[in-house]
Amino acid sequence: MNPQPPEDDTAGSRLVRVQHRIQEACRLAGRPADAVRLLAVSKTWGADRVLELATLGQQAFAENYLQEALDKIDACAGRSLEWHFIGPIQSNKTRPIAENFHWVHSVERDKIARRLSDQRPPDVAPLQVCVQVNVSGEASKSGCDPDEAADLARLIVELPRLELRGLMAIPEPTNDAALQRARFGALRALHQDIRSTLDQRAGPETATSFDTLSMGMSDDLEVAVQEGATLVRIGTALFGRRQTSDVRPLP
Ligand SMILES: *Cc1c(COP(=O)(O)O)cnc(C)c1O
């Protein structure tokens with residue numbers, strides 16, 4: 001008999017495991033198996049790891065750090081991958097984001113939204129945008145206040161080079177499943193409120209394309225899917241544990 005490796009830890013097996021987790025969570029929630037998109041968070045990993053997953057069929061990748069992302073996008077050009085920016089945005093960094101990404105999940109103030117629209121090149125599709133909301137109150141600093149999300153959403157709808165797609169949140173890390181559920185549930189409720197306002201004020205087409213709930217990571221994707229996530233952002237479970245800290249000094 002051939003000895004089996006202790007753990008099947010290849011890019012292919014990790015991808016299949018994550019896909020199964022998503023499908024199983026959908027099944028338990030009574031949602032269709034294709035209701036949730038998988039976004040591969042490739043921050044800190046090299047272009048070789050991105051290309052490896054791309055070869056296995058993964059199409060959408062997300063990055064937090066601009067310079068690192070631009071190098072990777074460059075190295076993967078020609079593969080027609082879809083790039084999502086999910087990190088904090090400084091206003092002097094909006095142009096390369098507007099020029100190089102398909103999606104931005106981390107829009108949390110008016111000024112950033114306006115600059116991204118102004119700087120989006122005219123010859124490409126509008127930038128797909130989620131409003132990042134702070135659903136954890138004092139426990140988190142990123143994202144706009146839930147009370148401000150509707151106004152920011154309405155502004156984005158008016159901007160010509162942005163398409164408003166949904167809401168994103170990064171709840172504070174916790175093992176408390178009830179708290180996870182409450183945070184994701186709060187984002188879903190806010191999404192429904194904003195969607196009905198958009199339907200009344202901006203029309204059914206705008207409301208229909210506001211279809212994205214970007215929530216759930218490696219440790220909590222099941223709860224997020226249960227609470228209605230349409231897109232999960234997965235790093236560790238796809239690539240392994242990151243060596244470098246997430247929190248980097250600003251360049
Ligand atoms: C790093 C990161 C993720 C992925 O987290 P994992 O726990 O590694 O799956 C998702 N979303 C954002 C915004 C991140 O910064």
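## Loop residues with positive phi

S80 sits in the loop between α3 (66–75) and β3 (82–85). Helices (H or I, at least four residues) and strands (E, at least two) are DSSP runs, numbered from the N terminus. S80 is not a glycine, yet its phi is positive, at about 40 degrees.

T44 belongs to the loop between β1 (37–41) and α2 (47–55). Its phi is near 75 degrees, again positive in a residue other than glycine.

## Model and conventions

This is a predicted model: local features need pLDDT of at least 70, side-chain atom pairs count only at pLDDT 80 or more, and totals for chains, interfaces and linings use all residues. Residues are numbered from 1 along each chain as its sequence is written, and side-chain values use heavy atoms, with hydrogens and water left out.

## Ligand site

Which residues are around the ligand? They are V41, K43, N64, I86, I170, M217, S218, R233, I234, G235, T236 and R242. Ala, Val, Leu, Ile, Met, Phe, Trp, Tyr, Cys and Pro count as nonpolar; Asp, Glu, Lys and Arg as charged; the others, Gly among them, as polar.

Polar contacts are pairs of N or O atoms within 3.5 Å; within protein, one must be able to donate a hydrogen and the other to accept it, and residues adjacent in sequence count only if both atoms are side-chain atoms. The side chain of K43 places an N or O atom 2.7 Å from a ligand oxygen. For N64, a side-chain N or O atom is also 2.7 Å from an oxygen of the ligand. R233 has a polar side-chain atom 2.8 Å from a ligand nitrogen. Taken alone, the ligand exposes 390 Å², and the protein buries 91% of that. These areas come from the Shrake-Rupley method with a 1.4 Å probe.

## Helices α6 and α7

Helix α6 (residues 146–158) packs against helix α7 (residues 177–201) at an angle of about 40 degrees, with axes 10 Å apart. Axes are lines fitted to C-alpha atoms over the stretch in contact, and angles run from 0 to 180 degrees between N-to-C directions.

From α6, the contact (heavy atoms within 4.5 Å) uses P146, A149, A150, A153, R154 and V157. From α7 come L190, I194, T197, L198 and R201. Eight of the contact residues are nonpolar, one is polar and two are charged.

## T230 and its surroundings

T230 lies in the loop between α9 (221–226) and β8 (231–234). The T230 side chain reaches the backbone nitrogen of L213 at 2.9 Å.

Terms used
A residue is near a molecule or strand if one of its heavy atoms lies within 4 Å of it.
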